[in-house]
Amino acid sequence: EPGPPIAAKEPPPPKAPDIALEKKKLETERLQKLKTMHEAETKALAEATRAEAEAIQKMREKQLADQKKRTLLRQMEEEEMIQRMANEEAASEARIQKQAEARSTATKRQTEVARAVGLHRDLISATVRGNTRLPGNLKGNPEVRCLVKLLPTGEVQNVRVTQSSGNVAYDEAVVLAIQKSSPLPLPTDRDARAAFVPELSFVHRPQE
C-alpha cells in the first residue's frame, strides 16, 4: 500500500538581507524612472523654449524686414515725389524761358517790321513828293488822303482820294504823282509788305 502523502516543503522565508536588496533594487528602479521622466520633461521644456525663442526671433526678423521694406518704399516715394517736383519745376522754368524767348523774339520781330514799315513809308512819301508838281495857287499846308491799290511788286493799280484837301488841283497833282511813282518802293519782308498791300492809305502834305 502506498504510504501517506508527503507534504510539500514550503520555501524558507526570505532572509532579511534579501528583503533589503529587493527594496533597494525597487527604489533604484523608481529613482531611475523619475530621473528619466525628469530628463524627458527637461528636454521637452528646453525644446519648447527653443522653439518659442525661434518663433519670436522669426517674428522679430519679419517685423524688421517689413519695417525696412516700408521705410525703403517711403524713401522711394519721397525720392520719386522730389524728382517729380524737380522735373515739374524744370519744365516750368523751361516753359517760362521759352515763353520769354518767344516774347523777346516776337517783340524783336515786331520792332523789325515796324522799322521796315516806317522806313518804306518815308521812302514812298519822298518818292511821291519828288514827282509832285504843286499848283501855283496853293496856299498853306493842305492835307490830302488817298487810298492806293498796289500789287505785291509795288505797281500802282488805282488811286482814289478819300479825303480832299479842298484844293482840287492839288489833289489831282498828288494822284498824278503817285501814279508816276509806280512801282512804289515796298519792303521785301512779307509781314512788313502786308502794311502796304493790297491797299495803302497815303497822306500827303506839301510842307513836310
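Modeller: Let us begin with H120, whose place is in helix 1; helices are DSSP runs of H or I with at least four residues, strands are DSSP runs of E with at least two, and both are numbered from the N terminus. What you are looking at is a predicted model, in which local features need pLDDT of at least 70 and side-chain atom pairs count only at pLDDT 80 or more, while totals for chains, interfaces and linings use all residues. Residues are numbered from 1 along each chain as its sequence is written, and side-chain values use heavy atoms, with hydrogens and water left out.

Is H120 buried or exposed? With a relative accessible area of 14%, H120 is buried, a word that stands for under 20% relative accessible area, whereas exposed stands for over 50% and partly exposed for what lies in between (1.4 Å probe, protein chains only). Leaving aside residues up to four places away in sequence, H120 touches P185, L186, P187 and F196, where contact means heavy atoms within 4.5 Å.

Several of these names return when we turn to I124, which touches L184, P185, L186, F196, L200 and F202, again not counting residues up to four places away in sequence. I124 is also among the residues with the most contacts inside the largest nonpolar core, together with V148, L150, I178 and F196, and this core has 24 residues. Helix 1, strand 1 (144-150), strand 2 (156-163), helix 2 (168-180) and strand 3 (199-204) each supply at least two residues of the core. A nonpolar core is here a set of buried Ala, Val, Leu, Ile, Met, Phe, Trp, Tyr and Cys residues joined through side-chain atoms within 4.5 Å. In soluble globular proteins, nonpolar side chains tend to be buried together.

One runs from S182 to P183, with omega near 0 degrees, and P183 is found in the loop between helix 2 and helix 3. The other joins V197 and P198, with omega about 10 degrees, and P198 lies in the loop between helix 3 and strand 3.

We can now turn to charged side chains. Side chains of opposite charge can pair when their charged atoms come close. A search of the whole structure finds 7 salt bridges, each being a side-chain nitrogen of Lys or Arg within 4 Å of a carboxyl oxygen of Asp or Glu. In one of them the side chains of R109 and D189 meet at 2.6 Å, N to O. Because R109 lies in helix 1 and D189 in the loop between helix 2 and helix 3 (190-193), this pair ties together parts that are 80 residues apart in sequence. R109 is partly exposed, with a relative accessible area of 30%, and D189 also counts as partly exposed, at 22% relative accessibility.

A further salt bridge brings together the side chains of R205 and E143 (2.1 Å, N to O). R205 lies in the segment after strand 3 and E143 in the loop between helix 1 and strand 1, so the pair ties together parts that are 62 residues apart in sequence. R205 counts as partly exposed at 23% relative accessibility, and E143 is partly exposed with a relative accessible area of 24%. Returning to R109, salt bridges that share partners join R109, E112, D189 and D191 into one network.
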